[in-house]
Amino acid sequence: MPNETILAAAEGLPCATRRALLFGLAAASTTAAIAVAPDAQGADLVQTQALAVQAENAELVTAYQKFDAACTELKRAHDELEWLADEWRHQWPLAPEELLLGANAQDGRYTVPAERDMIGRFLVRDTSELTKRLSPKFRRENSKTCFAVRTAEEEREILKRWRRSTPKGRTEKALARNRAYRIQAIRECELRIQLAERYEAETSRLRQVSGVDTAKLRVAKADTRLLAAANDVSQCQARTLAGLGMKADALAVTAAALMKATEFDTGPLGQLARFVNSVADVAGRAAV
């Protein structure tokens with residue numbers, strides 16, 4: 001099943017890992033996910049499904065149907081959000097180069113915010129044109145990267161500190177040099193504030209006119225409903241292998257980031273993650 005990192009779930013779109021998993025997880029109908037009884041081989045398909053439904057806990061089947069619907073709803077909301085991002089991609093501005101800080105911000109190495117696109121994904125830009133900022137060696141090894149970006153608020157705080165500062169120097173020459181450096185730093189900071197304010201105003205305007213914030217809210221609400229539906233599945237008792245598969249499906253979706261992080265762990269969490277995946281796989285094969 002496709003997966004993304006815990007960082008993506010924490011930094012970017014909410015529940016990115018969970019959505020990536022559910023795309024391939026709950027696509028089949030609930031009826032198809034119900035296991036065929038061992039003694040029903042060769043029986044009529046409709047009769048077999050009816051027997052399987054009767055064998056499983058009715059409350060679990062109903063809860064899984066709602067979970068399946070919640071997965072579909074979340075996928076639809078996410079698809080609409082992705083469509084908006086594609087529709088407005090060419091109007092979304094890049095941050096001015098003066099506002100760029102460190103590279104490889106997509107790795108989560110900085111405390112300042114990273115440059116992102118309209119729906120919150122890391123914005124990875126071409127490095128070939130950044131000849132003044134990046135060395136030839138870095139550009140050869142990293143054709144694309146994401147930068148941390150200065151904000152107007154942070155620059156205003158820096159400007160306050162520069163204005164409160166008092167240049168010092170052991171000699172008149174050193175004092176004059178430090179005074180000139182302070183004046184230059186203040187001018188550059190004021191320029192960055194202007195650039196940041198214009199950039200932030202334009203990105204805010206585009207988010208408003210595109211309706212992307214409303215679309216992101218729909219995704220968040222659908223994700224909340226998915227969590228509730230998955231919890232309902234977990235509360236029901238399973239009576240068949242397919243029922244265990246349903247419960248494993250729900251857990252694999254809602255705890256996807258934890259499952260991925262502990263997949264190769266040698267401790268109890270890793271054992272639990274591998275067990276849940278195995279149940280889901282076996283139950284899925286039994287339903288074929």
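Modeller: Within helix α10, the buried residues are A242, G243, G245, M246, A248, D249, A250, A252 and V253. Here buried means under 20% relative accessible area, exposed means over 50%, and partly exposed lies in between, with a 1.4 Å probe and protein chains only. Helices (H or I, at least four residues) and strands (E, at least two) are DSSP runs, numbered from the N terminus. The model is predicted, so local features need pLDDT of at least 70 and side-chain atom pairs count only at pLDDT 80 or more, while totals for chains, interfaces and linings use all residues. Residues are numbered from 1 along each chain as its sequence is written, and side-chain values use heavy atoms, with hydrogens and water left out.

The 14 residues of α10 reach 20 Å from the first C-alpha to the last, close to the 20 Å expected at 1.5 Å a residue; the expected span is 1.5 Å times one less than the number of residues. Helix α10, residues 241-254, packs with α5 at an angle of about 35°, and the two axes are 10 Å apart. Such axes are lines fitted to C-alpha atoms, for helices over the stretch in contact, and angles run from 0 to 180 degrees between N-to-C directions. On the side of α5, the contact is made by L60, Y64 and F67. On the side of α10, G243, M246, K247, D249, A250 and V253 take part. Contact means heavy atoms within 4.5 Å. Several of these α10 residues, among them G243, M246 and A250, are also buried. The crossing of α5 and α10 is left-handed, a term for a near helix turned anticlockwise from the far one by less than a right angle, clockwise being right-handed.

The structure as a whole contains 2 aromatic pairs. In the pair of Y64 and F67, the ring centres are 5.6 Å apart and the planes stand at 45°, so this pair is tilted. Rings of Phe, Tyr and Trp (its six-membered ring) pair if their centres lie within 6.5 Å; planes under 30 degrees apart are stacked, over 60 edge-to-face, and the rest tilted. Y64 and F67 are separated by about one helical turn, because they are 3 residues apart in α5, which covers residues 58-88. Y64 is buried, since its relative accessible area is 2%, and F67 is buried at 0%.

Further along, α5 also holds A85. With a relative accessible area of 5%, A85 is buried. Apart from residues up to four places away in sequence, A85 touches I119 and R121. A85 and D117 are 32 residues apart in sequence, and their C-alpha atoms are 7.8 Å apart in space.

Beyond residues up to four places away, N104 touches R109, Y110, F138, N142, T145 and C146. The phi of N104 is positive, near 60°, although the residue is not glycine. Most residues other than glycine have a negative phi.

E155 belongs to α7, residues 152-164, and is buried, as its relative accessible area is 1%. Its contacts, leaving aside neighbours within four places, are R150, C189, R192 and I193. Helix α8, residues 172-210, has 39 residues and should span 57 Å at 1.5 Å a residue, which agrees with the 57 Å between its end C-alpha atoms. G211 follows α8, and its phi is positive, near 75°.

Between α11 (256-261) and α12 (268-286) there is a loop that contains E263. At 25% relative accessibility, E263 counts as partly exposed. Setting aside neighbours within four places, E263 is in contact with G270, A273 and R274. E263 and N277 are 14 residues apart in sequence and 9.3 Å apart, C-alpha to C-alpha.

Finally, the protein chain has 12 helices and 2 strands, in the order α-α-α-α-α-β-α-β-α-α-α-α-α-α. Of its 288 residues, 39% count as buried. Among contacts between residues at least 6 apart in sequence, 70% join residues at least 24 apart.
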